[in-house]
Amino acid sequence: MAGLASLFDRRSFLTGVLAAPAVHVLAPGTASALPFLPQADANGFRQDPALVQEVVGASHRDLERVRALVESRPALARASWDWGFGDWESALGAASHTGRREIAELLIAHGARPTLFTLAMLGHVDAVRAWVHAQPGVESIAGPHGITLLAHARAGREPASAVVDYLEGLGTADPRAVSQPLDARERADLIGTYAYGSAETERLEIGENAQELLTLTPPGGVVRNLFHLGGRAFHPAGVPSVRIRFPDEEGEARTLTIHDGDQRLEARRP
């Protein structure tokens, strides 16, 4: 009975607190100083970019951190982050390609919008089949970072096995990016620092990873794998429409150019 009385007392206290109106009187220009409000800009109020990046990052792995974030600010359940060059990923997209079922269900409960990739990971084979029937070829569209629909289904493990069987039967749901080979000498010619301005922050680092793919890293940014298309032209992971080229300058590369539609950036070795 003591435990029940204690629960009743806590419930009465919380009910009283939650029922009390919260009134905040704001002086002009002070709204953005209050931590519970989004940041104001010319387009209205936006969520703090640091929190957006955090919830998307945490949705790959950390259920309790995601819970804390979306219970504090439910709109973060619908947040998306651009990891570079337009490689957009939502919090739910992160949970979907990593097979984090509990995180996905938590995000959906807070208003996240399920996609075909989410349904595949969760094992909803009838919904996946209906979607493919309604939009032929949709199974070939890659998700964040270029991760395929079949890979999302495989991330769902046993509960998604029927989706895996269905997508494998289609034969078109796993179109992976292929990088043309570059030998060690060719990679060494391209690796280095390229500047597109005079500031220290206006630098791009070209490196390589353990899989012998070249990588591009902006200052303080995320490492992006580069897929070689041939002729020293590349595209960054997850964004096949962007081109990164190293013009041949008699051996060691001195320049790289990034082409994104009608936008072009040139960077040179200092």
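Predicted model: local features only at pLDDT ≥ 70, side-chain atom pairs only at ≥ 80, totals over all residues.

**Loop residue**

With that convention I placed N209 in the loop between β6 (203–208) and β7 (214–217). I then checked its side chain and found that the side chain of N209 comes to 2.9 Å from the backbone nitrogen of L213. Once neighbours within four places in sequence are set aside, I have T215 and N225 as contacts of N209.

**Strand residue**

Next I went to L216, which belongs to strand β7. For L204, which is 12 residues from L216 along the chain, I noted a C-alpha separation of 6.7 Å.

**Whole chain**

I stepped back to the protein chain and counted 10 helices and 12 strands. Of its 270 residues, 37% are buried. I also looked at contacts with a separation of 6 or more, and 47% of them join residues 24 or more positions apart.

**Helix pairs**

Two packed helices are described by the angle between their axes and the distance between the axes, so I noted both values for each pair.

For α7 (residues 125–134) and α9 (residues 161–170), the axes come within 9 Å and cross at roughly 25°. Angles under 35 degrees count as roughly parallel, so I wrote down α7 as roughly parallel to α9. The crossing of this pair, α7 and α9, is right-handed. On the α7 side I found V125, V128, R129 and V132 in the contact, and on the α9 side A162, V163, Y166, L167 and L170. Sorting the residues of the α7 and α9 contact gave me 8 nonpolar, no polar and 1 charged.

For α2 (residues 49–58) and α3 (residues 63–72), I have axes that come within 9 Å and cross at roughly 145°. I recorded the crossing of α2 and α3 as left-handed. From α2, the residues L51, E54, V55 and A58 meet R65, V66, L69 and V70 of α3. The residues of the α2 and α3 contact sort into 6 nonpolar, no polar and 2 charged.

Notes
Residues numbered from 1 in each chain as written. Heavy atoms only, no water. Helix = DSSP H or I, 4+ residues; strand = E, 2+ residues; numbered from the N terminus. Polar contact = N/O pair within 3.5 Å; in protein donor to acceptor, adjacent residues only side chain to side chain. Contact = heavy atoms within 4.5 Å. Axes fitted to C-alpha atoms, helices over the stretch in contact; angles between N-to-C directions. Parallel < 35°, antiparallel > 145°, perpendicular 65-115°, else oblique. Left-handed = near helix turned anticlockwise from the far one by under 90°. Nonpolar A, V, L, I, M, F, W, Y, C, P; charged D, E, K, R; others polar. Buried < 20%, exposed > 50% of the residue type's maximum accessible area, 1.4 Å probe, protein only.
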